[in-house]
Amino acid sequence: APYVPYEPPPAQPDSAGFVRQTFEGEIIGGVTEIIQRPRQTSEQSAVQPETGTAGLIGYLSIKEPHDYRGTCLPIKPNQSIGREGDVRWNDPKISRQHARVTAEPPEDNPDGPLMFYLWPFGPTNPVFINGKPVRGATPVYENDEIRLGDTLFVLKVLAD
């Protein structure tokens, strides 16, 4: 008999409406985003930081909702956070493009090391840092709590 490759049956939604799928790739950000990445050659580095932001990377660790507690979303400078942002999180109260993360020196030390700033995109869905609403570019520090929609993130920073 001729060889016939195995093909899984079509995905069917379960009782909660979720569809289990098989894929090849890497899961980024826990359950919220799947990114297909080409295999790296030995000449490629694992992380290629943007010019001027070398060594600065962060993680948004989920504190609430409790079902996703501990999920980590990697962030880099100049990325947007939202349901359809560079950093994606599926919360119906988060805008498609809710906020942006940048890396800048502290205002009081222009030659100092870069740090993260959070920029809310608009007043429709507010941004809270440590329980206080923010309207413009606001510096964020290690262990700050950032609320977007119904999700409470805790910032973790890795810098050289």
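The model is a predicted one. The protein has 13 strands and zero helices, and 30% of its 160 residues are buried. Among contacts between residues at least 6 apart in sequence, 38% join residues at least 24 apart.

- Five strands form an open sheet with mixed pairing, in the order 6-5-7-8-11. Its edges are strand 6 (87–88) and strand 11 (138–139), each of which pairs on one side only.
- At one end of this order, strand 5 (residues 79–82) pairs with strand 6 in the parallel sense, over two bridges. Within strand 6, Val87 is the bridge partner of Ile81.
- Strand 7 (residues 99–104) pairs with strand 8 through six bridges, in the antiparallel sense. Here Glu104 stands opposite Met115 of strand 8.
- Strand 8 also runs antiparallel to strand 11, to which two bridges join it. The bridge partner of Tyr117 in strand 11 is Pro139.
- Why is strand 8 (residues 115–120) described as largely enclosed by the rest of the structure? The description applies because five of its six residues are buried.

**Pairings of strand 3**

- Strand 3 (residues 57–64) pairs with strand 13 in the antiparallel sense, over seven bridges. Leu60 has Leu155 in strand 13 as its bridge partner.
- Strand 3 pairs with strand 4 as well, again in the antiparallel sense, over four bridges. In this pairing Ser61 stands opposite Cys72 of strand 4.

**Thr151 in strand 13**

- Thr151 belongs to strand 13, which covers residues 151–158.
- The relative accessibility of Thr151 is 1%, so the residue counts as buried, the cut-off being under 20%.
- A polar contact of 3.0 Å links the side chain of Thr151 to the side chain of Trp89.
- Beyond its neighbours within four places in sequence, Thr151 is in contact with Ile62, Glu64, Pro65, Trp89, Asp91, Ile94 and Ile146.

**Ser80 in strand 5**

- Ser80 lies in strand 5, and its relative accessible area of 2% makes it a buried residue.
- The side chains of Ser80 and Gln97 are joined by a polar contact of 2.8 Å.
- Which residues does Ser80 contact, leaving aside its neighbours within four places in sequence? They are Gly85, Asp86, Val87, Gln97, Ala99, Arg100 and Phe121.
- Arg100, one of these contacts, is 20 residues from Ser80 in sequence, yet the two C-alpha atoms are 4.2 Å apart in space.

**Pro77 between strands 4 and 5**

- Pro77 is located in the loop that lies between strand 4 (72–75) and strand 5.
- Is Pro77 buried or exposed? Pro77 is buried, as its relative accessible area is 1%.
- Pro77 and Ile57 are separated by 20 residues in sequence, and by 7.4 Å from C-alpha to C-alpha.

- The structure contains one cavity of 30 Å³ or more, and the volume of the largest cavity is about 30 Å³.
- The residues lining the largest cavity are Leu60, Ile75, Ile81, Val101, Phe116, Leu118, Val140, Ile146 and Leu155. By class, this lining consists of nine nonpolar residues, with no polar and no charged ones.
- Leu60 and Leu155 are both in the lining, and they are also bridge partners.
- Ile81 of the lining is bridged to Val87 in strand 6.

Notes:
Residues numbered from 1 in each chain as written. Predicted model: local features only at pLDDT ≥ 70, side-chain atom pairs only at ≥ 80, totals over all residues. Heavy atoms only, no water. Buried < 20%, exposed > 50% of the residue type's maximum accessible area, 1.4 Å probe, protein only. Polar contact = N/O pair within 3.5 Å; in protein donor to acceptor, adjacent residues only side chain to side chain. Contact = heavy atoms within 4.5 Å. Pairing = 2+ DSSP bridges. 1 Å grid on protein atoms, 1.4 Å probe; cavity = no way out; pocket = protein on both sides within 12 Å on 5 of 7 lines; lining within 4 Å. Points joined across faces, edges and corners; volume = space filled by probe spheres on them. Nonpolar A, V, L, I, M, F, W, Y, C, P; charged D, E, K, R; others polar.
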